[in-house]
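I opened my notebook to look up a few things in one structure.

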Amino acid sequence: MGFPRQRPRRLRRTPALRRMVRETALSVDDLVLPLFVREGKGERRRIPSMPGCFQLSADELLKEADRAAEAGIPAIILFGIPAAKDAQASGAHDPDGVVQRAVRTVKERLPDLVVIADVCLCEYTDHGHCGLVVERPDGTREVDNDATLELLARTAVSLAAAGADVVAPSAMMDGQVEAVRTALDEAGHQAVAIMAYSAKYASAFYGPFRDAAESPPQFGDRRAYQMDPPNAREALREIELDIEEGADIVMVKPALAYLDVFSRARDAFDVPIAAYNVSGEYAMLKAASANGWLDETQAVLEVLTSIKRAGADMILTYHALEAAAALRG
Ligand code: PBG
């Protein structure tokens with residue numbers, strides 16, 4: 001019996017050899033930290049299903065943003081928990097709304113930190129849906145796509161006026177990128193970029209986020225506007241449409257159960273692709289780690305590296321601060 005000629009193990013023998021042939025390098029530059037802002041002062045409310053994450057008042061949010069900037073994380077994305085909700089989502093486009101004020105506070109103190117503002121209505125509607133709900137003659141209710149576009153556009157403009165560098169329409173309405181781009185341009189915000197939640201699936205993995213943002217739908221579900229999980233070709237179509245409509249960055253969400261979609265999107269498009277490593281993915285890993293069933297830091301780095309390997313250019317992740325610390329070593 002001869003010796004095997006091909007020995008892949010040769011290049012795994014030492015840490016330096018492994019470093020030389022490593023194909024994917026996760027970097028702090030890839031990370032975006034999502035934060036939840038609520039009204040008040042000195043507020044730091046634990047989110048039980050997302051250990052280590054909090055609903056923060058603007059002053060506390062600033063501390064967290066400071067930490068992110070300090071760690072070298074280039075960007076944060078903000079979600080709001082308004083004091084009051086109504087059927088029209090008035091809080092979403094209020095020039096003095098909870099997120100608009102937080103954006104001003106952060107940009108004033110940390111002008112170099114990229115501030116991304118999520119653009120959706122679900123945190124601001126009393127029924128919890130991502131758009132305006134209308135009743136059909138037969139008594140059934142549905143989200144009105146085109147009436148919602150106008151509110152999304154107004155919300156985006158108010159966030160841009162507050163100083164957001166990037167707005168991120170996430171309502172999964174058809175034409176939302178076009179509507180937002182047109183409104184931004186008309187209002188003089190040509191320099192504000194759009195990160196489009198292009199392929200956002202109707203996923204069970206958003207459960208903890210809905211606790212965090214107090215935004216579960218009060219009736220029905222989001223399947224009539226978010227994507228059907230079995231579909232991948234349709235995701236490419238959604239991404240293509242958003243690029244045509246003017247998206248600067250496209251997103252696939254969630255991340256882990258959809259890595260094939262990143263891979264296909266990476267092959268098909270040259271624009272930056274963002275991944276949202278969502279609340280349920282975070283909660284799973286945290287729960288297993290808390291039980292001692294996983295090594296948390298190793299699992300976090302492995303997950304984030306996998307998402308990058310699949311084709312994502314940036315990763316929105318609640319693990320961002322922990323990952324940045326681990327990458328620094
Ligand atoms: C708003 C929005 C959601 C998430 C991000 N933006 C919730 C939803 O669609 O129900 C989920 C993020 C996460 O789970 O971490 N539409």
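This is a predicted model: local features need pLDDT of at least 70, side-chain atom pairs count only at pLDDT 80 or more; totals for chains, interfaces and linings use all residues.

**Entry 1: H3 and H4**

I began with H3 and helix H4, which covers residues 145-162. Which residues of H3 meet H4? I found Val99, Gln100, Val103 and Arg104 on the H3 side. On the H4 side I found Ser158, Leu159 and Ala162. I then sorted this contact by class: four residues are nonpolar, two are polar and one is charged.

Next I looked at the geometry. The two axes come within 8 Å. They cross at roughly 25 degrees. Angles under 35 degrees count as roughly parallel. H3 and H4 are therefore roughly parallel to each other. I wrote down their crossing as right-handed.

**Entry 2: H2 and H3**

I turned to helix H2 (residues 58-70) and helix H3 (residues 98-109). At what angle do their axes cross? I read roughly 45 degrees, with the axes coming within 10 Å. That angle makes H2 oblique to H3. H2 passes H3 in a right-handed crossing.

I listed the residues that meet here. H2 brings Ala58, Leu61, Leu62, Ala65 and Asp66. H3 brings Ala102, Thr105, Val106 and Arg109. I sorted the residues of this contact into six nonpolar, one polar and two charged.

**Entry 3: around the ligand**

How many residues surround the ligand? I noted 20. The closest are Lys200, Arg210, Lys253, Ser279 and Tyr318.

I then checked some polar side-chain atoms. In Tyr318, a side-chain N or O atom is 2.6 Å from an oxygen atom of the ligand. Gln226 has a polar side-chain atom 2.9 Å from a ligand oxygen atom. For Lys253, I read 3.4 Å between a polar side-chain atom and a nitrogen atom of the ligand.

I stayed with Lys253 and followed the chain onward. Is the peptide bond from Lys253 to Pro254 cis or trans? I noted cis, with omega near -5 degrees. Pro254 sits in the loop between strand S10 (249-253) and helix H8 (259-268).

My last stop was Met172. Its phi is positive, about 60 degrees, although Met172 is not a glycine. Where does Met172 lie? I placed Met172 in the loop between strand S8 (166-169) and helix H5 (176-186).

Definitions and conventions
Residues are numbered from 1 along each chain as its sequence is written. Side-chain values use heavy atoms; hydrogens and water are left out. Axes are lines fitted to C-alpha atoms, for helices over the stretch in contact, and angles run from 0 to 180 degrees between N-to-C directions. Helices (H or I, at least four residues) and strands (E, at least two) are DSSP runs, numbered from the N terminus. Angles under 35 degrees count as roughly parallel, over 145 as roughly antiparallel, 65 to 115 as roughly perpendicular and the rest as oblique. A crossing is left-handed if the near helix is turned anticlockwise from the far one by less than a right angle, and right-handed if clockwise. Contact means heavy atoms within 4.5 Å. Ala, Val, Leu, Ile, Met, Phe, Trp, Tyr, Cys and Pro count as nonpolar, Asp, Glu, Lys and Arg as charged, and the others, Gly among them, as polar. A residue is near a molecule or strand if one of its heavy atoms lies within 4 Å of it. A polar contact is a pair of N or O atoms within 3.5 Å; within protein, one must be able to donate a hydrogen and the other to accept it, and residues adjacent in sequence count only if both atoms are side-chain atoms.
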